[in-house]
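The two exercises below are to be worked with the sequence and the model side by side. Each begins with a task and is followed by a solution in steps.

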Amino acid sequence: MGVLAGRTALVTGASRGIGRGVAERLARDGARVAVHYGSNETAAEETVAAIEEAGGSAFAIGAELGRPGDAAALWQEFDRHADGLDILVNNAGIGTARPFEEVDEAEFDRLFAVNVRAPHFLVQQGLTRLRDGGRIVNISSGLSRTALMPQVMAYAMTKGALDVFTRDLAKVLGPRGITVNSVAPGIVDTDVNAGWLRASDEARQGAAAFSALGRVGTPADIADAVAFLVSDDGRWVTGHWLDATGGSMP
Ligand code: NAP
């Protein structure tokens, strides 16, 4: 039996990329997984099918994040499938390809709405569902702690805010035995990076050179770090920022 048998997990943005990797890993460990998506229902159903083919249990829930009422809409969907929750992974997020000089107010607000406001209210409105002894993991970024790509500072700022959320929420929820941690990926091969990362061998080699291990990260690399934090083995780790950049930090 898996170490997460009997537990229910919600992974936001699990239709693709890192979120899908996390959902598949937690399901493999025995959790029943809510595979959340924004608009790509087909991809979410593919994730659910892959989990079920591997012998796991999952269901898809759709809710566009980053607009008023998003958290309530997501929990309403969730409640149609499950009674309570043990693990929440706030993974859904957006980036920016535009440099500091070109980011306008609407894009800045959108970045914060999806990457910061949504996790904040998802947790706040999910507290009645989250069981004592539960786990919250926020997917941050190495860029919240290094200026390796200073031109995308608006995105990095959202992850810095998410890290403060992690740190303080760990204190707020500690009395209930709930741990809260940030996991910070470096460059991972997902759709968000596809345009430049998969464009040429040179681009991939350049990205790989950021890592001490000389390669680009995979969703499974991040999922395995999350799996530790949400397991019983991670019970004494809370309020922590976990560097999952493959040694990309200076
Ligand atoms: P991705 O491949 O672009 O996937 C994004 C996921 O989030 C999808 O499931 C998408 O749902 C969902 N999503 C995006 N915007 C949404 C919205 N407004 N409402 C609801 N769902 C939304 O992204 P990723 O690369 O896996 O990134 C996942 C997380 O890791 C993000 O928080 C990102 O900042 C962080 N991160 C990524 C990297 C990297 O190199 N990839 C590095 C550091 C940190 P749909 O499929 O429905 O669109």
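**Exercise 1.** Is S141 buried or exposed, in terms of its relative accessible area? Locate the residue in this predicted model and describe its surroundings.

*Solution.* Begin with the chain itself, where S141 is found in the loop that runs between β5 (130-139) and α5 (153-173). Next, take the relative accessible area of S141, which is 6%; because the cut-off for buried is under 20%, S141 counts as buried. Then turn to the side chain of S141, one polar atom of which is 2.9 Å from the backbone nitrogen of L143. Finally, once neighbours within four places in sequence are set aside, the contacts of S141 are Y155, K159, A184, P185 and W241.

**Exercise 2.** Which residues come nearest to the ligand, and how much of the ligand's accessible area does the protein cover?

*Solution.* First, the ligand has 33 residues around it, of which S15, N40, N91, Y155 and T190 come nearest. Second, consider the pairs that involve oxygen atoms of the ligand: a polar side-chain atom of R16 lies 2.8 Å from one such oxygen, a backbone N or O atom of N40 lies 2.7 Å from a ligand oxygen, and K159 places a polar side-chain atom 2.9 Å from a ligand oxygen. Third, the ligand on its own has 900 Å² of accessible area, and the protein covers 92% of it.

Notes. Residues numbered from 1 in each chain as written. Predicted model: local features only at pLDDT ≥ 70, side-chain atom pairs only at ≥ 80, totals over all residues. Heavy atoms only, no water. Helix = DSSP H or I, 4+ residues; strand = E, 2+ residues; numbered from the N terminus. Buried < 20%, exposed > 50% of the residue type's maximum accessible area, 1.4 Å probe, protein only. Polar contact = N/O pair within 3.5 Å; in protein donor to acceptor, adjacent residues only side chain to side chain. Contact = heavy atoms within 4.5 Å. Near = heavy atom within 4 Å. Areas by Shrake-Rupley, 256 points an atom, 1.4 Å probe, with all protein chains shown as cover.
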